[in-house]
Amino acid sequence: MAAEKATTKHKYVYGFAEGNKDLKDLLGGKGANLAEMTNLGLPVPPGFIITTEACKAYLATGAEPDGLAEQVATHLAALESAMGKRLGDPADPLLVSVRSGAKFSMPGMMETVLNVGLNDESVAGLARQASDGGPGSGDRFAWDSYRRLIQMFGKTVCDVPGEEFEHALDDAKRAKGTTNDLDLDADDLRALVGAYNKIFAKHTGREFPQPPREQLDLAVRAVFESWNAERAVLYRRQERIPADLGTAVNIVAMVFGNLGPDSGTGVAFTRDPATGNQGIYGDYLANAQGEDVVAGIRNTVPLQELERIDKPSYDELLRIMATLEGHYRDLCDIEFTIERGKLWMLQTRVGKRTAAAAFNIANHLVDEGIIDLDEALHRVNGAQLAQLMFPRFDLSGSPEVVTTGVGASPGAAVGRVVFTSARAVELAGQGERVILVRRETNPDDLPGMIAAQGILTARGGKTSHAAVVARGMGKTCLCGADNLDVDVKAGRFTVAGHVVNEGDVVSIDGTSGCLYLGEVPVRPSEVVQYFEGSVDPATSTDPLVVAVHRIIGHADGVRRLRVRTNADTGEDAARARRFGAEGIGLCRTEHMFLGDRRELVERLILARTETERNEALDALLPLQRADFVEIFREMDGLPVTVRLIDPPLHEFLPSLEELAVHVAVAQERGEDPGKDQALLAAVRRMHEQNPMLGLRGVRLGLVIPGLFAMQVRAITEAAAQLVAEGRDPRPEIMVPLVGAVQELETVRVEAEKIISEVTREHAVEVLIGTMIEVPRAALTAGQIAEAAEFFSFGTNDLTQMAWGFSRDDVEGAFFWRYLELGIFGISPFESLDRDGVGRLVRIAVEEGRAARPGLKIGVCGEHGGDPESVHFFHEVGLDYVSCSPFRVPVARLEAGRAVIESAGSDSR
Ligand code: PEP
Ligand code: MG
């Protein structure tokens, strides 16, 4: 056994026949699916895959792991024998592509090198191979392929600035008096290879490597390293892709779509990735390489045209697409190449889609009997639902459509035009809404795309870089508006006789593909109207409404978590109830101390005697009671958690600086500052260095006599009034910022007295519970549960205090650096930090329920509406989550998905 172990080498390389689609962790998405297609008997060019583990080992040590070189040699030999050619053979060279392929697709973010195996000798062999009979007819193709290799290899592997190659290409075209690459003949391209070699040598201090295996090894290394390229890191952060997965590397025999008119390349979808409609969608480009389509450099023709151009290939492609969709039971996207009439599949994967398409496709597949409702629910998510709730353009004013392009990622975006990524970032940083306008985008534009409201390009289709990346981010994108003449240098574009300068406002519709000048008003989405109850799903002809209704209905049927809302007004409560809220999880009472009630609050704070204080409280009581009556009425029959006042009282007084100036000016003028003098003294007295850790929450209730008592009375009287009206109020009184059971006990004793006094006539059950938002409360939850009938996690404060991060400051101040360093992938204020704050939550749930079995527990911090966090709260066994009204449908959906996913749907 020991001897066997010693000789068993780690397997770092897999032939296509050895893999399958479930090995994405190890082989990356592209490799796993190439393997799957190979095993389905589809025409995939032969190749092999270097695993993500090899990449991780390389990135950890800076060197290829032991055994990798030999394993590559073995698989290369097998590839050579399958193709009947040797890599870079001068007479008849095998050429390969070297491509990245991570577990999750990261379009255009990592590196690719094509035509590996070409060198000064094999270029002649390739020319012979590519010739269609006429003497020298393959020369142009071979030299063009060679110059592409030096260019890609130089830029990718050796960091030679890409513009240098571009300039040399431009010079060659200028010398020839043309602007079209295709006018360069074999001699021109041979000369260009000479120029490229000089550029390569100047920047690297060495000649372009001739040995094919050396080219291959260096290209593999560059792909490994591209995992940590700046743009890849940024993309992963944006898409929440873990930083430690590494990429696999696919080494595949080259096939050529640029060998003449009977060759070409394309991208296809088995359904429309924008709407989810059934049918064949895609783009085709004759006599071109795949990169030309994806980069959106030349405009493509619709895939249906291929039927006219090459019917046998088209028919075969349709057959393969049907096979793939049946096999994957989902929308597939495909890249293919036709080399002289022979169809080759270069890639497939379950296709990215818009939010609307995700719901529509899941619903169709249920109708078609291909998946069940559980799986339909699994295949959509809360982020997509949130996108569908975005507003759309209101076209009732018939704004002029100045041009149309491809609606590549839906939504309605309005903003000022900018032409560079840097300017987009700059203006967005100043709070401007911007639209990034480019001829076409490339991965360097990513920061600007993130900063912009929307992206507008003149070139490229649904599969261009701009389209794919924007869809992934859920950002509005209109591309391929080809009568847009973009002049980046001059900072303007022209379209249909209009000149649009940087800073002008445009509106882009990523669904219809329409561009409007100026600001077009927006209207709410149909999905929101459905949730509002103004669209009836039973009679609606909008497929999206039907799909959302069905899938969210299923989520409601399976979910265990209840969903409540955070609402402090009757209006918000009513809206949230229409959105499906099953109660209020947090009614913050502090807004009830603002507006025209400030004056009463000032009187309360400035009171010098008990009588003065009581007069202020007595005046506030009926106002508070009226607020609660309104809210209980809207939430009749459902629980309403009212939280006693939380922020420090001085927040309700004018600012120290302003008051001080006022008083000083009055004194200077010899006037009497009057009550401002007393106010100033009060503000000074109450001033705190760390108000978030100061006199707030329960501490305030213990320090200002009668404050909490007034609120408890207002809540209970409001409930009693509604009971008298025959209604069913369910009040729950929540004490904020408790850290010790004694604090809660003290409030509780006083509150119970008032409750029993008020409810003598009209029986109302009033629960008393606490927020768990101070770490000490979580750690002593067993004790606190003795005095609490329910817990609600205030994860905003809990995060603040667990990390020691001031919640009002840190996100703007330095989180960018933490995100850059990967200390966390997303702000812990946005998505719950499972390891730290989540641990506190677990402890409190376990110890709270151990002390008081059946203790009702919820969460009312921002995390209650965050999809990832909802799954965590399901896992730890909370009873409900509470979130803002617009997040309620998202939380309902995710609570359902959490059940499906925890039931072991990993095997899907
Ligand atoms: C919390 O801290 O999570 C909470 C809900 O309370 P607030 O945000 O009002 O402090
Ligand atoms: Mg709080």
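1. R633 is partly exposed, with a relative accessible area of 35%; partly exposed lies between buried, under 20%, and exposed, over 50% (1.4 Å probe, protein chains only). Accessible areas follow the Shrake-Rupley method with a 1.4 Å probe, and for residues only the protein chains shown count as cover.

2. This is a predicted model, in which local features need pLDDT of at least 70 and side-chain atom pairs count only at pLDDT 80 or more, while totals for chains, interfaces and linings use all residues. Residues are numbered from 1 along each chain as its sequence is written, chains are lettered from A and ligands numbered from 1 in the order in which they are written, and side-chain values use heavy atoms, with hydrogens and water left out.

3. R633 forms a salt bridge with E725, the closest N and O atoms being 3.0 Å apart; the term denotes a side-chain nitrogen of Lys or Arg within 4 Å of a carboxyl oxygen of Asp or Glu. Because R633 lies in helix α24 and E725 in the loop between α28 (707-724) and β29 (730-735), the pair ties together parts that are 92 residues apart in sequence. Helices (H or I, at least four residues) and strands (E, at least two) are DSSP runs, numbered from the N terminus. E725 is partly exposed, with a relative accessible area of 38%.

4. A salt bridge also joins R353 and D330, with the closest N and O atoms 2.9 Å apart. This pair links distant parts of the chain, 23 residues apart: R353 is in the loop between β12 (342-350) and α14 (355-367), and D330 is in the loop between α13 (311-328) and β11 (332-339). Both R353 and D330 are buried.

5. D22 and K21 meet through their side chains in a salt bridge of 3.7 Å, N to O. Here D22 is exposed, at 61% relative accessible area, whereas K21 is partly exposed at 22%. The count of salt bridges comes to 64.

6. Helix α4 (residues 68-83) has 16 residues and reaches 22 Å from its first C-alpha to its last, close to the 22 Å expected at 1.5 Å a residue; the expected span is 1.5 Å times one less than the number of residues. Its buried residues include L68, V72, L76 and L79. Just after α4, G84 takes a positive phi of about 70 degrees.
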